[in-house]
Amino acid sequence: MSMMDKTFTGSQTRSEAGASEPRVGRWQGILRRVLSGDALSYLKSIYWSVRLRGKLAMPLPVFTHWKTRWSVARTANLIVRDRLVVGRMETQIGQNGQEGLDSNVIQIGAGGSLEIDGFVTLGPGVRVLVGPNARLKIGDRSYVTANSKLIVKSDVEIGSGCAISWDVQLMDTDFHHIAQGAQNTQKITIGNNVWIGSRAMILKGVTVGDGAVIAAGAVVTKDVAAGQVVAGNPARVVKEQVRWVP
């Protein structure tokens, strides 16, 4: 851990420097956003970024749309290494999701932890709910597209280079017991370079191996091995040893 990495409690946070954007292009982008009416988002982003590092740094380690609802308990931890972008996701054909209309929610309960291990993007409408003493970790270069939900009661870990599409739901708990004493919460582990299609659901206790593909609409209740494609409800293996290109 570098000397740049700082740990805080409550709504304070920890971060490691990771700037890589050209200085001129970075400032031009900021100016363009401010002139296009995005000043409120930058004010809120500056607020969270200063709390993150204790001083203003560029690029901002946290960019958040101003309508994002942040709720971070005093004893919770938000850890950002490099950069977290909330509420904005640009594609080759424009904005992904309805920025400012599909509002984001970031909630971390008492003793909970949200760890951003690199550069991560959460598109418009994404909701991240981390319960008390729970943990969510998202790896570098992973992104979550518009209106998806990450619901964490215990532990969810998402690897690097993952592509999570529209309206996906990851939920590590059933919230209720089918039988008395039955386990209703188990860790979800998503490997590196995993592609999760639109409206897929990943349920408690599932491990998805590196390079796997979860088809649109799949309901995943069992482990998926590396390089497999699964589809259906419940999800079943339809192809082996695939290699997809982000």
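Arg199 counts as exposed, at 60% relative accessibility; exposed means over 50% relative accessible area, buried under 20%, and partly exposed in between (1.4 Å probe, protein chains only). Arg199 forms a salt bridge with Asp167, with the closest N and O atoms 3.7 Å apart. A salt bridge here is a side-chain nitrogen of Lys or Arg within 4 Å of a carboxyl oxygen of Asp or Glu. This is a predicted model: local features need pLDDT of at least 70, side-chain atom pairs count only at pLDDT 80 or more, and totals for chains, interfaces and linings use all residues. Residues are numbered from 1 along each chain as its sequence is written, and side-chain values use heavy atoms, leaving out hydrogens and water.

**Salt bridges**

- Arg199 lies in the loop between β17 (195-196) and β18 (201-202), and Asp167 in the loop between β14 (163-164) and β15, so the pair ties together parts 32 residues apart in sequence.
- Asp167 is partly exposed, at 32% relative accessibility.
- Salt bridges that share partners join Arg81, Glu115, Asp117 and Lys137 into one network.
- Within it, the side chains of Arg81 and Asp117 meet at 3.5 Å, N to O.
- Arg81 sits in strand β4 (residues 77-86) and Asp117 in strand β8 (residues 113-122), so this pair links parts 36 residues apart in sequence.
- Arg81 counts as buried at 13% relative accessibility, whereas Asp117 is partly exposed at 28%.
- Glu157 and Lys187 also form a salt bridge (3.5 Å, N to O).
- The whole structure holds ten salt bridges.

**Fold and core**

- The chain has one helix and 23 strands; helices (H or I, at least four residues) and strands (E, at least two) are DSSP runs, numbered from the N terminus.
- Of its 246 residues, 49% count as buried.
- The largest nonpolar core has 45 residues; such a core is a set of buried Ala, Val, Leu, Ile, Met, Phe, Trp, Tyr and Cys residues joined through side-chain atoms within 4.5 Å.
- Among the members that touch the most others are Leu122, Ile196 and Ile214.
- A second, separate core of five residues includes Ala163 and Trp244.

**Surface**

- Leu40, Leu43 and Trp66 form a nonpolar surface patch with about 320 Å² of accessible area together.
- Patch residues have over 30% relative accessible area and no salt bridge; like charges are joined within 9 Å, nonpolar side chains (Val, Leu, Ile, Met, Phe, Trp, Tyr) within 5 Å.
- Accessible areas come from the Shrake-Rupley method with a 1.4 Å probe; for residues, only the protein chains shown count as cover.
- Leu40 lies in helix α1 (residues 23-53) and is partly exposed at 48%.
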